[in-house]
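Please open the structure in a viewer with the chains coloured separately.

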Amino acid sequence: MHYRIRILASLLTAAFCLSAHAQTAESPETPEIEPEALSVLQAMSDFLAASDEFYYEIDTTYDVVQPSGVKYEFGVARKNLVARPDRLHIEAIRRNGVAGTMIFDGKHIWAYSKEANVYAQTEQVGDLVESIEFAVSELRIKTPLSEIASPDLFASITRDLETAYHLGENVVRGVTSDHLFLRNDYADVQLWVATGDEPLLQRIVIDYREERGQPQFRAQFSNWNMAPKNTREKFTFVPPKDAERIRFYVAAPPSDSNREDAK
Amino acid sequence: MKSTQGKVVVSLVLASVVCLLAVDFAEARRGGGRGGGHSMTRGGPAASGSMHRSQARPQRSSSRSSMSNQRYQGSRQAGSRDYAAQRPEPGTANRDNRPEMNQDRLDQRQDNIDQRRDTNQDRYDQRQENINERQDFAKEVHNDREEWYEDRWRGHSYVSVSVWGSMGCSYRRVVVGGVTYYDCNGVRYERVYRGSEVVYVVVN
């Protein structure tokens with residue numbers, strides 16, 4: 001009798017360990033790039049590339065994995081006005097009510113907080129792609145989905161692409177859309193692109209499978225305008241008289257010695 | 001009997017704890033355990049909303065990454081050509097099924113299948129190796145960069161605007177070299193843009 005119970009206990013323990021291990025293992029995907037998926041991406045990229053100026057709104061939410069492993073959701077609503085080659089206007093408001101404006105006027109990058117009545121300014125070098133890269137990497141400013149401002153969105157999206165599936169047609173908030181799944185070396189991405197003459201992005205979900213806790217980013221697109229009017233004033237920032245100028249807290253780029261240390 | 005059952009229960013509980021600790025340890029090894037210093041973390045990779053890792057990589061990484069990509073694409077294309085050359089002519093499968101097919105042809109066909117299978121496996125292994133190599137290097141560079149930035153950023157204490165307002169200190173404004181500082185309870189702060197957020201960062 002004792003012997004049977006011991007065997008049963010061992011089996012239960014083994015089953016528990018195996019199930020725990022299975023929960024932490026990654027499920028493999030078969031890498032494959034479907035031409036239908038690429039053609040949807042190409043059509044979307046071509047359509048966006050045909051307009052030098054466009055406007056869209058995104059309602060973004062994202063998971064933040066806490067040190068305990070619990071995930072909290074945060075959200076930011078953004079209004080984006082893009083004018084290639086080098087201008088950008090973003091108005092963002094977080095769920096906690098904190099709002100901010102970011103302007104790339106072609107010569108300077110401006111950040112303005114109406115609530116705190118402060119602004120910061122730094123030099124803008126290069127086109128939108130380079131400027132955004134600088135803002136993200138050096139100023140640590142979050143500009144989600146900034147790839148959309150790229151003149152070659154297709155190249156940007158398909159960089160390091162390993163898998164691309166066309167999953168069929170879905171209706172997203174009343175818009176019939178092609179549902180795509182993409183996988184690159186870092187993230188899994190689902191896109192919903194409107195079918196028809198205006199193949200515009202309707203929704204995107206990004207799973208950061210390589211990151212701890214596998215957090216997710218989600219964005220719902222709305223109010224696309226491919227011919228916005230009276231945009232010039234949006235790219236001109238005049239600081240309010242009583243606003244205080246403050247600095248960007250910039251971490252200097254690593255020196256050669258830092259790089260050697262990091263090896 | 002009761003004593004035996006009790007021992008079994010205790011054993012199961014202990015084994016479960018060991019398994020859970022092992023899983024946690026595995027999680028930690030995969031890069032977990034970062035953070036702390038605040039009651040709630042508000043940032044992270046998903047906040048970036050980017051489909052790729054940050055491209056702000058040291059020069060050595062971009063050049064190597066580029067070479068790695070070229071090698072990867074080159075081998076893949078070369079593999080496709082090899083595969084096409086070895087593919088049987090259309091219709092051969094039907095002809096091979098005829099009753100008069102002799103043993104030599106059957107053996108030859110099997111050899112071709114085996115060879116093609118081996119070639120496919122080799123190509124798959126090579127591609128997987130290239131992918132793994134590329135991913136490992138990208139991760140290494142990304143982690144180096146992120147750790148460096150995190151160290152810099154966490155090196156300075158700061159408080160958000162809302163926390164600053166709740167501190168209730170009667171601060172003193174000091175302008176040094178055109179920069180405004182705020183002295184509060186013996187600590188000097190500067191109001192700055194830290195990323196997309198206005199904060200008060202400790203400067204002394």
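In which sense do strand S6 (residues 118-123) of chain A and S12(A) pair, and over how many bridges? Select both: S6(A) and S12(A) pair in the parallel sense over 2 bridges. Here two strands pair if DSSP finds at least two bridges between them; helices (H or I, at least four residues) and strands (E, at least two) are DSSP runs, numbered from the N terminus. At this place A:Tyr119 has A:Arg245 of S12(A) as its bridge partner.

This is a predicted model, in which local features need pLDDT of at least 70 and side-chain atom pairs count only at pLDDT 80 or more, while totals for chains, interfaces and linings use all residues. Residues are numbered from 1 along each chain as its sequence is written, and chains are lettered from A and ligands numbered from 1 in the order in which they are written.

**The sheet**

Next, display the strands of chain A. An open sheet of 12 strands runs in the order S7-S8-S9-S10-S11-S1-S2-S3-S4-S5-S6-S12, with mixed pairing. At its edges are strand S7 (161-172) and strand S12 (244-245) of chain A, each of which pairs on one side only.

**Two hairpins**

Select strand S4 (residues 99-105) and S5 of chain A, which pair in the antiparallel sense over 4 bridges. A:Ile103 stands opposite A:Trp110 in S5(A). The two strands form a hairpin with 2 residues between them, and A:Gly106 in the turn has a positive phi of about 100°.

A:His108 has A:Glu123 as its bridge partner in S6(A), and A:Ala111 has A:Ala120. This hairpin has 4 residues between its strands, and A:Asn117 in the turn has a positive phi of about 55°.

Is strand S5 (residues 108-113) of chain A largely enclosed or open? It is largely enclosed by the rest of the structure, because 5 of its 6 residues are buried. A residue is buried if 20 or more other C-beta atoms lie within 10 Å of its own, exposed if 12 or fewer, and partly exposed in between, with C-beta atoms placed from the backbone.

Select helix H3 (residues 128-137) of chain A, whose buried residues are A:Leu128, A:Ser131, A:Ile132, A:Ala135 and A:Val136. These residues cover an arc of only 130° around the axis, which puts them on the same side of H3(A); the arc is that of the directions from the helix axis to the C-beta atoms. They pack against strand S3 (87-94), S4 and S5 of chain A.

Move to helix H2 (residues 35-49) of chain A, which lies across strand S1 (53-65), S7, strand S8 (175-184), strand S9 (188-194) and strand S10 (201-207) of chain A. H2(A) runs at about 75° to S7(A); axes are lines fitted to C-alpha atoms, for helices over the stretch in contact (C-beta atoms, placed from the backbone, within 7 Å), and angles run from 0 to 180 degrees between N-to-C directions.

**Chain B**

Finally, select chain B, which has 6 helices and 5 strands. Of its 204 residues, 12% count as buried.

Technical notes:
Contact = placed C-beta atoms within 7 Å.
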